[in-house]
Amino acid sequence: MSYQTLKRAVTARLEIKKSAFITYAYPVTSREQAMFHVEQLREQYTDARHHCWAYIIGDPNNTTSAGFDDDGEPNGTAGRPILNVLQHKSIGNVIIIVVRYFGGIKLGAGGLTRAYAGSAQAAVDEMILSPYVPIITVEILAEFATEAQCRYVVESLNGIIENVAYSKQVTLTVTLAEANIEHLKERLAMDGRVLDKS
């Protein structure tokens, strides 16, 4: 599962035959978050003719959740081209919203498709992308004498210690990249053990 995500929101603007296409892209992790941004832009640009969008939650190559809306444009000329750009560029956990002000010149179906794909691409060109890394939270059980070594191993794997509980033994709650879980188990070997979630 290798794809990229957007680090921060971006905006881009195109003018095509007197129509203004104002494009926004936001990092999102749920449909609710995505729809929140659509509603915000509807309120911000109440006089715009169309608010077309597409989003992908998760892996764009194996989409569990994706959606798009032409918002009154001819069927398949707005949302789908935006979604196609995201899938082609392998960008997940993102929504692109294109706000269109009609300039009086009809673009035709092909022109609209190119305009919305071009608007999405303009936003992608502004994006700072980072590889998506699945994160996992685990608990490590250790003795008091080996706590420092466990902390060292977690930090060396770029893990974060979220919580530490002391009783007869020490329980460290840590988050780290899912890909590093086997390394963690190997490197802890004698110093602590990763508790399996049951």
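I call a residue buried under 20% relative accessible area, exposed over 50% and partly exposed in between, using a 1.4 Å probe and protein chains only. By that scale I noted Lys 18 as exposed, with a relative accessible area of 60%.

**Ground rules**

I am working with a predicted model, where local features need pLDDT of at least 70, side-chain atom pairs count only at pLDDT 80 or more, and totals for chains, interfaces and linings use all residues. I number residues from 1 along each chain as its sequence is written, and side-chain values use heavy atoms, with hydrogens and water left out.

**Entry: the whole chain**

I counted helices and strands as DSSP runs numbered from the N terminus, with helices (H or I) of at least four residues and strands (E) of at least two. The protein chain has five helices and 12 strands. I then looked up its radius of gyration, which is 23 Å, well over the 16 Å that the globule rule gives for 198 residues, so the chain is more spread out than a compact globule. The radius is taken over C-alpha atoms, and the rule is 2.2 Å times the number of residues to the power 0.38. Along the principal axes, the C-alpha atoms fill a box of roughly 75 × 30 × 30 Å.

I found that buried residues make up 45% of the 198 residues. For contacts I used heavy atoms within 4.5 Å. Of the contacts with a separation of 6 or more, 67% join residues 24 or more positions apart.

**Entry: strand E3**

Where does Thr 23 lie? I placed Thr 23 in strand E3, residues 19-27. Thr 23 is buried, at 1% relative accessible area. Leaving aside neighbours within four places in sequence, its contacts include Val 10, Ile 97, Val 98 and Ser 119.

I read a relative accessible area of 9% for Ala 20, so it is buried. With neighbours within four places set aside, Ala 20 touches Arg 13, Leu 14, Val 99, Arg 100 and Tyr 101. I also checked Ala 20 against Val 98: they are 78 residues apart in sequence and 9.7 Å apart in space, C-alpha to C-alpha.

**Entry: two positive phi values**

I went back to Lys 18, which is found in the loop between strand E2 (10-16) and E3. Its phi is near 70 degrees, a positive value in a residue other than glycine.

Is Ser 90 buried, partly exposed or exposed? I have Ser 90 as partly exposed, at 21% relative accessibility.

**Entry: helix H2**

Helix H2 covers residues 79-88, and I listed Gly 79, Pro 81, Ile 82, Leu 83, Val 85 and Leu 86 as buried in it. What do these buried residues pack against? I found strand E4 (50-57), strand E5 (65-69), strand E6 (91-92), strand E7 (94-101) and helix H3 (108-126).

I looked up Ile 140 in strand E9, residues 135-142. Ile 140 counts as buried, at 0% relative accessibility. Beyond neighbours within four places, its contacts include Cys 150, Val 170, Thr 171, Leu 184 and Val 194. Ile 140 and Leu 184 are 44 residues apart in sequence, with 9.8 Å between their C-alpha atoms.

I then turned to Thr 171, which sits in strand E11, residues 170-177. Thr 171 is buried, with a relative accessible area of 18%. Again leaving out neighbours within four places, Thr 171 meets Glu 139, Ile 140, Leu 141, Asn 163, Val 164 and Ala 165.

**Entry: cysteines**

I took a disulfide to be a pair of cysteine sulfur atoms within 2.5 Å. How many disulfides are there by this rule? I counted zero. Cys 52 is buried at 0% relative accessible area, and Cys 150 is buried at 0% as well.

**Entry: pocket lining**

Last, I looked at the residues that line the largest pocket. A pocket is an open set of points on a 1 Å grid over the protein atoms alone, where a 1.4 Å probe fits, with protein on both sides within 12 Å along at least five of seven lines; lining residues have an atom within 4 Å of a point. I listed Arg 49, His 50, Glu 73, Pro 74, Arg 100, Phe 102, Lys 106, Leu 107, Gly 108 and Leu 112.
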